[in-house]
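The structure is shown first, and the description follows.

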Amino acid sequence: GERASDLALYIAGIILTIPSIALFGVLIKPLGIGAFNAAFALILYAQLPILRNTYTGIREVRPEVVEAGRGMGMTELQLLLQVKLPLAVPVIMTGVRVSIVMLIGIAAIAAYIGNDTLGEYIFSGIQRAQDVRSIAGALVVALLALSVDFLLGWVQTRLTPVGLREG
């Protein structure tokens, strides 16, 4: 329903506004230091772009298309799985792409709380005043994010129904 979706988006928005280093730190007490702590925080951060784009993509399916499906006798589940989600794929995948690229950058910060990430090069470069090391770490993180975005763009194109593809 409308109220539940508004509440979920509101909560996800609040979580996204928490600085990542603060969230990693707060999660140390209940989850400890390690990969699970970082993964849990990253999952929380991923929610807003994916939820918002999924919600928007499904809502923006033209009512005439939904009515045509109803007229053919489709149930609400069939409408969702066979009409709304396929038509919403480009918008949903955009949310996934934004989320994952954002998470790659945030995951680098997890090195600050003792996780083995590419952020170690950045932080050790800063601590040791080795600019080359921190710049190299930042470049690797940026290249990884760009590569993953490119790959997900390809996946998005393949998942998008042929009639909706541009060009």
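A residue is termed buried when its relative accessible area is under 20%, with a 1.4 Å probe and protein chains only. By that criterion, Gly119, Ser124 and Gly125 of helix 6 are buried in this predicted model. The cover over the buried residues of helix 6 includes helix 5 and helix 7. Just past the end of helix 6, Ala129 adopts a positive phi of about 55°.

**Helix packing**

| Helix pair | Angle | Axis separation | Crossing |
|---|---|---|---|
| Helix 6 (residues 119–127) and helix 7 (residues 131–159) | about 160° | 7 Å | left-handed |
| Helix 1 (residues 2–17) and helix 3 (residues 35–59) | about 145° | 8 Å | left-handed |

Why are helix 6 and helix 7 described as roughly antiparallel? Angles over 145 degrees fall in that class, and helix 6 and helix 7 pack at about 160°; the two helices are therefore roughly antiparallel to each other. On the helix 6 side, the contact is made by Tyr121, Ile122, Ser124, Gly125 and Ile126, and on the helix 7 side by Arg133, Ser134, Gly137, Ala138 and Val141.

Helix 1 meets helix 3 through Glu2, Ser5, Ala8, Leu9, Ala12, Gly13, Ile15 and Leu16. The partners in helix 3 are Leu44, Tyr45, Gln47, Leu48, Leu51, Arg52, Tyr55 and Arg59.

In soluble globular proteins, nonpolar side chains tend to be buried together. The largest nonpolar core here has 13 residues, of which Leu23, Phe24, Ala41, Leu42, Tyr45, Leu103 and Ile106 touch the most other members. Helix 2 (20–31), helix 3 and helix 5 (76–109) are the elements that give two or more residues to this core. Helix 3 contributes the most, with five residues. Leaving aside residues up to four places away in sequence, Ala41 touches Leu23, Phe24 and Leu27. Another core, of five residues, lies apart from the largest one and includes Val61, Val66, Met74 and Leu79.

A polar atom of the Asn53 side chain lies 3.0 Å from the backbone oxygen of Val91. With residues up to four places away in sequence not counted, Asn53 touches Val91, Ile92, Thr94 and Gly95.

Technical notes: Residues numbered from 1 in each chain as written. Predicted model: local features only at pLDDT ≥ 70, side-chain atom pairs only at ≥ 80, totals over all residues. Heavy atoms only, no water. Helix = DSSP H or I, 4+ residues; strand = E, 2+ residues; numbered from the N terminus. Polar contact = N/O pair within 3.5 Å; in protein donor to acceptor, adjacent residues only side chain to side chain. Contact = heavy atoms within 4.5 Å. Core = buried A, V, L, I, M, F, W, Y, C linked by side-chain atoms within 4.5 Å. Buried < 20%, exposed > 50% of the residue type's maximum accessible area, 1.4 Å probe, protein only. Axes fitted to C-alpha atoms, helices over the stretch in contact; angles between N-to-C directions. Parallel < 35°, antiparallel > 145°, perpendicular 65-115°, else oblique. Left-handed = near helix turned anticlockwise from the far one by under 90°.
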